[in-house]
Amino acid sequence: YLCMCHYERTWRPLAIYAGTDVVGFVMWAVDPEDGSHWIGGLVIDAERQGEGHGRAAMAALLQRFRDAGAAEAALSYEPANERARALYASLGFRETGERAEGEVVARLALRTA
């Protein structure tokens with residue numbers, strides 16, 4: 001993922017901390033076609049999973065998007081990844097029927113009408 005961020009400069013990397021420990025990573029980008037804020041590469045250290053770091057990182061990132069005036073967040077995940085599906089659904093993401101490189105796409109409206 002860090003290589004993608006370096007060579008595909010549209011992706012922006014963020015470390016996920018618990019105190020002073022780096023426990024994960026996430027990257028994000030803005031789709032130039034529709035302005036949606038894409039979340040990619042959310043990873044939490046296997047030894048630190050189940051402690052709420054992924055949920056906290058997602059909440060903070062979504063708030064960052066809202067503060068920047070973003071209208072929509074989007075992400076994708078492997079169809080068999082039930083943990084990802086459950087986490088993202090619990091945060092309000094809804095599957096759209098779209099696919100991105102074989103992955104399920106889910107979107108979340110960040111502004112209320």
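Which residues is His53 in contact with, leaving aside its neighbours within four places in sequence? The close-ups below come from a predicted model.

**View 1. His53 and its contacts.** His53 is found in helix 2, which spans residues 53-67. With neighbours within four places in sequence left aside, His53 is in contact with Ile16, Ala18, Val23, Ile44 and Arg48. Its relative accessibility is 13%. Buried means under 20%, so His53 counts as buried.

**View 2. The largest nonpolar core.** This core has 24 residues. Ile39, Leu62, Phe65, Leu75, Tyr88 and Phe93 touch the most other members. Several elements each supply at least two residues of the core: strand 1 (12-18), strand 2 (21-30), strand 3 (37-44), helix 2, strand 4 (72-77), helix 3 (82-90) and strand 6 (103-109). The largest share, 5 residues, comes from helix 2. In soluble globular proteins, nonpolar side chains tend to be buried together.

View 3. Residues up to four places away in sequence are not counted here. Ile39 touches Trp11, Val26, Met27, Trp28, Met58, Leu61, Leu62, Phe65, Ala74, Leu75, Ser76 and Phe93.

**View 4. A nonpolar patch on the surface.** Tyr1, Met4 and Val43 form this patch. Together they have about 270 Å² of accessible area. Val43 is found in strand 3. At 38% relative accessibility, Val43 counts as partly exposed.

**View 5. Val105 in strand 6.** Val105 lies in strand 6. Is Val105 buried or exposed? Its relative accessibility is 1%, so Val105 counts as buried. Val105 touches Trp38, Leu75, Ser76, Arg94, Glu95, Thr96, Glu98, Arg99 and Ala100, with residues up to four places away in sequence not counted. Met27 is 78 residues from Val105 along the chain, and the C-alpha atoms of the two are separated by 16 Å.

**View 6. Tyr77 and Tyr88, an aromatic pair.** The structure holds 3 aromatic pairs. In the pair of Tyr77 and Tyr88, the ring centres are 5.6 Å apart and the planes are at 35 degrees. Why is this pair tilted? Planes under 30 degrees apart count as stacked and those over 60 as edge-to-face, so an angle of 35 degrees makes the pair tilted. Tyr77 lies in strand 4 and Tyr88 in helix 3, so the pair ties together parts that are 11 residues apart in sequence. Tyr77 counts as buried, at 5% relative accessibility. Tyr88 also counts as buried, at 9%. Ring pairs link Tyr77, Tyr88 and Phe93 into a cluster.

**View 7. Arg107 and its salt bridges.** The count comes to 7 salt bridges in this model. Arg107 forms one of them with Asp34, the closest N and O atoms being 3.7 Å apart. Arg107 lies in strand 6 and Asp34 in the loop between strand 2 and strand 3, so this pair ties together parts that are 73 residues apart in sequence. Arg107 is buried, with a relative accessible area of 15%. Asp34 is partly exposed, at 45%. The side chains of Glu72 and Arg107 also meet in a salt bridge, at 2.8 Å from N to O. Glu72 lies in strand 4 and Arg107 in strand 6, so this pair ties together parts that are 35 residues apart in sequence. Glu72 is partly exposed, with a relative accessible area of 24%.

**View 8. Arg85 and Glu82 in helix 3.** Arg85 forms a salt bridge with Glu82. The closest N and O atoms are 3.0 Å apart. Arg85 and Glu82 are 3 residues apart in helix 3, so about one helical turn separates them. Arg85 counts as partly exposed, at 21% relative accessibility. Glu82 is partly exposed too, with a relative accessible area of 48%. Elsewhere, salt bridges that share partners join Asp34, Glu72, Glu98 and Arg107 into one network.

Note on methods:
Residues are numbered from 1 along each chain as its sequence is written. This is a predicted model: local features need pLDDT of at least 70, side-chain atom pairs count only at pLDDT 80 or more; totals for chains, interfaces and linings use all residues. Side-chain values use heavy atoms; hydrogens and water are left out. Helices (H or I, at least four residues) and strands (E, at least two) are DSSP runs, numbered from the N terminus. Buried means under 20% relative accessible area, exposed over 50%, partly exposed in between (1.4 Å probe, protein chains only). Contact means heavy atoms within 4.5 Å. A nonpolar core is a set of buried Ala, Val, Leu, Ile, Met, Phe, Trp, Tyr and Cys residues joined through side-chain atoms within 4.5 Å. Patches are made of residues with over 30% relative accessible area and no salt bridge: like charges are joined within 9 Å, nonpolar side chains (Val, Leu, Ile, Met, Phe, Trp, Tyr) within 5 Å. Accessible areas come from the Shrake-Rupley method with a 1.4 Å probe; for residues, only the protein chains shown count as cover. A salt bridge is a side-chain nitrogen of Lys or Arg within 4 Å of a carboxyl oxygen of Asp or Glu. Rings of Phe, Tyr and Trp (its six-membered ring) pair if their centres lie within 6.5 Å; planes under 30 degrees apart count as stacked, over 60 as edge-to-face and the rest as tilted.
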